Structure formats: C-alpha cells, structure tokens
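User: Could you walk me through the aromatic contacts in this one, and then we can turn to a pocket?

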Amino acid sequence: MSVTKAPAATHGPAPHRPRKPRKSKLGWNLLGLLVFVTAGFPVYWMLNTAFKPAKDAIDPNPHFFPTTFTLENFKRALDIADFWGPVTRSLVVSAVVVVIGIAVGLLAALAISRFAFRGRKIVIVGILAVQMVPLVAMIIPVFLLLNDLGQYDKLSGLIITYLTFILPFTVWTLRGFIVNIPKELEEAAQVDGCTPTGAFLRVVFPLLAPGMVATSVYGFIQAWNEYLYALMLMSQQNQTATVWLSNFITKNGTEYAPMMAGSTMMAVPIVVLFLLVQRKMAAGLTAGAVKG
C-alpha cells in the first residue's frame, strides 16, 4: 500500500503591506505649514512695523520685507508715557496671581482628585460653570464689590479679580495631571514608611512639576494679557502694560509704529519665560498622553 506524502510547505516572500501614500503625509505637512504661517504672520508683521520708519507703517502699499531699519519707534514708545511703571505693575500682578493660583489650585485639585467627599461632583461642575461665564458680564458686580471693600484702583483688588477666572482654570488643569498619576505610587511609598504628606512630596510632586510649570505659564499669560478689567478697575496712574498701549491712540489717530514697538517690548517677558521653562513646558503638555 503506497502512502502519498503531502507536499512540503514552501516559505515564500512575506505578503507585501501597502504603504501609506506619501500624498497624505505631504498634505499634513502643508496643513502644519499653513497653521504656522497663519499664527506667525501677525508676530512677524508686528516686528516688521516696529523696526520700520513711522511713515512706512501707514504706507497704503506696505512692503512685506523691511527696506529700512530704525530704533526711533522704541524711543518714541518710551517717551510717550511711563513704560517701566506699567510693566512692573503687570509683572507683580501676574507673578502674585500665578503663585497664589498654583498654591491654592494645587490643594483644591488634589482634594478633588484623591478624596471622595459629599458634593464633589457639584464642585467640579461649579468649576466648569465659572469658566463658562463671560468676563464682560461680571464687570459691574466686580466693580461694585471692590468699591465696597476699598480695593478699587489697587493692585490687590486687581489680583483678587484675576484669581476669579485664573483659579478655576488652574484647578481644572492640575486635576487632569493628578488623575494621570497612579495612586499605587503613593500607596507603595506609604508602605515603605512615608506619611501621606511625605508620599505626596517625594513621589507625586516631582511627577506633577511639569504640569505645574505648564499651568503657571498659561496663567501668567492670561494675567499679563488681560485688558478689560485693568482698564475699568485701575486709574491712569496705576495702569498696567496692556492699558499703557492705549496711549498711542490719540485724537489725531493711532501711532502704529510706536505701538508695535511697545507691543514688541511687552512680548519680551513672555518670550523670556518660555525660553526658561520650555523643557518643563513640553513635558507638561505631553504628560498623561501615554498611560502606564
């Protein structure tokens, strides 16, 4: 009786996997380039106008590339009104708001993220609801309240006002970072002999540092760029940097070149802050993107 052998399996080349067309990658690159140009062009035009002669700033046929550079606009910006006073006040207000916001917001975010208590969901919904209220709608109540408390036209009153909309943002943002840190890390530290406070300071806090830096930068930018409340709650003698820019709008028109020079000088603290914390900032923005 003859036995037929099955043919041996042949190992041919692996099946060809279709590659993604390069056109899609090119399309995403073009989209990213378009977004970059759209976001960066106003900054470029501000710098272009700041360094060109004042007569060229109002030329009906503007040049996209400057032909003449001058520093006269910066001198004019410094001479038209006090510059260092408003900038100093803006720095003080922004720094104090960030410090208080991070200190209070971290404790609130930790309580919401790590502890179960009655009314926890109501607090979370309240934080979201506060951020949905337009700032314009609160001008009159805030003005009346600060006037009754004797805080009108004072930096302390402006700081309290800024905290009303920066603190909810800080709490909500830090809560997202804390939730992404496993509780098991704290529990393991407590098993090794750490107190709850020690476990937080030695384990959670270092992991939370990038998120705190990112939140601080965004809070600083919000306080630094705020204009409406600073205009309504502060007098001319105590104006902030954003209100200072309105000095270039006179009855004879707007001095665009000195205004752009002033805007350039106002942008310097933000740029310096980003350069100092850019690594922590990038780590904070990507924190929690990969779980595990």
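This is a predicted model: local features need pLDDT of at least 70, side-chain atom pairs count only at pLDDT 80 or more; totals for chains, interfaces and linings use all residues.

User: How are the rings of Phe165 and Tyr229 arranged?
Analyst: Their centres lie 6.4 Å apart and their planes meet at 25 degrees, which is under the 30 degrees cut-off, so the pair is stacked. Phe165 belongs to helix H7 (residues 155-179) and Tyr229 to helix H10 (residues 228-233), so the pair ties together parts that are 64 residues apart in sequence.

User: Are those two buried or exposed?
Analyst: Phe165 and Tyr229 are both buried.

User: And what about Trp244 and Phe248?
Analyst: The ring centres of Trp244 and Phe248 are 5.3 Å apart with the planes at 85 degrees, so that pair is edge-to-face; both residues are buried.

User: Which residues do ring pairs link into a cluster?
Analyst: Phe41, Tyr44, Trp45 and Phe64 are joined by ring pairs into a cluster. Over the ring of Trp45 sits the charged end of Lys52, 4.9 Å from the ring centre.

User: Changing topic, how much space lies in the second largest pocket?
Analyst: The second largest pocket holds about 250 Å³ of space, and the elements giving two or more residues to its lining are helix H4 (84-114), helix H8 (183-191) and helix H9 (196-225).

User: Which element gives the largest share?
Analyst: That is H8, which provides 4 residues of the lining.

User: What lines that pocket, and how do the residues divide?
Analyst: The lining residues include Leu110, Arg114, Phe115, Lys183 and Phe200, and the lining as a whole divides into 4 nonpolar, 2 polar and 4 charged residues.

Terms used: Residues are numbered from 1 along each chain as its sequence is written. Side-chain values use heavy atoms; hydrogens and water are left out. On a 1 Å grid over the protein atoms alone, a cavity is a set of points where a 1.4 Å probe fits but cannot get out, and a pocket is an open set with protein on both sides within 12 Å along at least five of seven lines; lining residues have an atom within 4 Å of a point. Grid points are joined across faces, edges and corners, and a volume is the space filled by probe spheres set on the points. Ala, Val, Leu, Ile, Met, Phe, Trp, Tyr, Cys and Pro count as nonpolar, Asp, Glu, Lys and Arg as charged, and the others, Gly among them, as polar. Rings of Phe, Tyr and Trp (its six-membered ring) pair if their centres lie within 6.5 Å; planes under 30 degrees apart count as stacked, over 60 as edge-to-face and the rest as tilted. Buried means under 20% relative accessible area, exposed over 50%, partly exposed in between (1.4 Å probe, protein chains only). A charge sits over a ring if NZ of Lys or CZ of Arg is within 6 Å of the ring centre and within 35 degrees of the ring normal.
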